[in-house]
Amino acid sequence: ISNLTINNASDYQGFIGYMEGGSVSNLTIDGTINANNYVGGVAGYATNQARIENCTNNATLTGNQYVGGIVGYANGASLATGAWIVGCNNTGSVSAYSSYAGGIVGYLNYSHVTHSENNANLTGASTYVGGIAGYAYYSIIDRSTNYGDITNYYSYTGGIAGYNNGSSSYRGYIRNSVNHGNITASSYSYVGGIAGYHYYGNYM
C-alpha cells in the first residue's frame with residue numbers, strides 16, 4: 001500500500017482502524033498517519049485473536065496515545081484471546097504526544113509479539129515508550145529486536161518495553177529479545193536498556 005495518507009482527529013486509525021479477529025499477512029504500508037488515539041500502520045486496534053504476520057510499516061505515525069508501528073493497541077481478555085504480531089518490521093517513525101508509543105505496538109494487553117523488529121528511531125514526549133512495546137501487560141514478547149535509538153522526555157523508557165507488567169500469579173514475559181539502540185531520557189524516572197520498569201516480569 002503506497003502513499004496512504006490519514007490526517008484527522010479521530011481514533012482507531014491505520015490501514016485497518018479496528019481489527020476484531022481475522023488475519024493480515026505480507027503487507028507493506030507506506031505513507032503518513034496522523035490521528036488521535038489507537039494509531040497503527042497496519043491496525044489501530046487489534047483484538048479477539050487477530051493475527052498480523054510478515055507485515056512491514058514504513059509510514060510515519062503520529063498520535064496522542066496508543067501509537068505503534070504495526071498496531072496501536074493489541075488486546076485480549078486472556079492470552080488465548082489476545083492478538084498476535086508475528087514476523088513484522090517497522091521502519092517508520094513513531095510519536096505519541098501523551099503516552100504509549102512503541103516501535104511495534106503502543107500497548108500490548110494479554111497479547112503476543114514474536115520474531116519482530118523495530119528499525120526506526122523513536123522520539124517521545126510521553127510516558128511509556130519502548131522499542132517493541134510502549135507498555136506490555138500480562139503479555140509475551142519473544143525473539144524480537146530493537147535497532148532504533150529512543151529519545152524520550154518523560155518516564156518509563158525501555159529498549160524493548162517502556163513498562164513490562166505482570167503479577168505474582170502471572171508474569172509478563174520478555175524472551176530472547178535484544179536491544180541494540182541507544183536510550184536517551186531526561187531526568188524523569190525508569191529508564192532501561194530492556195525495560196524501563198519490570199514489574200513481576202520475567203526476562204529470559
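The entries below go from the whole chain to single residues.

**Ground rules.** I am working with a predicted model, where local features need pLDDT of at least 70, side-chain atom pairs count only at pLDDT 80 or more, and totals for chains, interfaces and linings use all residues. Residues are numbered from 1 along each chain as its sequence is written, and side-chain values use heavy atoms, with hydrogens and water left out.

**Overall.** I looked up the secondary structure and found zero helices and 31 strands. Both kinds of element are DSSP runs numbered from the N terminus: helices are H or I with at least four residues, strands are E with at least two. The C-alpha atoms fill a box of roughly 40 × 35 × 25 Å along the principal axes. I noted that 58% of the 204 residues count as buried. Buried means under 20% relative accessible area, exposed means over 50%, and partly exposed lies in between (1.4 Å probe, protein chains only).

Next I checked contacts, meaning heavy atoms within 4.5 Å. Among contacts with a separation of 6 or more, 81% join residues 24 or more positions apart.

I followed an open sheet of six strands, in the order 4-9-13-17-22-27, with parallel pairing. Its edge strands are strand 4 (28-29) and strand 27 (178-179), each pairing on one side only. Two strands pair if DSSP finds at least two bridges between them. Inside this sheet, two bridges join strand 13 (residues 89-90) to strand 17 (residues 117-118). Asn90 has Asn118 as its bridge partner in strand 17.

**Strand 15.** How many of the residues of strand 15 are buried? I counted five of five, over residues 105-109. Strand 15 runs parallel to strand 11 (residues 71-74), and three bridges join them. Tyr73 has Tyr107 as its bridge partner in strand 15. Four bridges join strand 15 to strand 20 (residues 133-137), also in parallel. There, Val105 stands opposite Ala133.

I then picked out Asn109, which is found in strand 15. Asn109 counts as buried because its relative accessibility is 10%. Beyond its neighbours within four places in sequence, Asn109 is in contact with Tyr73, Ala74, Asn75, Gly76, Tyr137 and Ser139.

**Cysteines.** Why does the structure hold zero disulfides? A disulfide is a pair of cysteine sulfur atoms within 2.5 Å. The sulfur of Cys55 has its closest cysteine sulfur in Cys88, 4.8 Å away, so the two are too far apart for a bond. Cys55 is buried at a relative accessible area of 0%. Cys88 is buried as well, at 2%.

**Gly159.** I moved on to the loop between strand 24 (157-158) and strand 25 (161-165), where Gly159 lies. Is Gly159 buried or exposed? Gly159 is buried, with a relative accessible area of 0%. Setting aside residues within four places in sequence, its contacts include Gly130, Ile132, Asn146, Asn179 and Gly192. Gly159 and Gly192 are 33 residues apart along the chain, yet their C-alpha atoms are separated by 6.7 Å.

Gln49 is found in the loop between strand 7 (43-47) and strand 8 (51-53). Gln49 counts as partly exposed, at 48% relative accessibility. Not counting residues up to four places away in sequence, Gln49 touches Gly21, Gly22, Ala80, Thr81 and Gly82. I also checked Gln49 against Ser98: they are 49 residues apart along the chain, and their C-alpha atoms are separated by 27 Å.

Asn48 is found in the loop between strand 7 and strand 8. Asn48 is partly exposed, at 38%. I marked its positive phi of about 55 degrees, in a residue that is not a glycine. Most residues other than glycine have a negative phi.

**Tyr12.** What is the phi of Tyr12? I noted a positive value near 60 degrees. Tyr12 has its place in the loop between strand 1 (4-7) and strand 2 (16-20). At 33% relative accessibility, Tyr12 counts as partly exposed.
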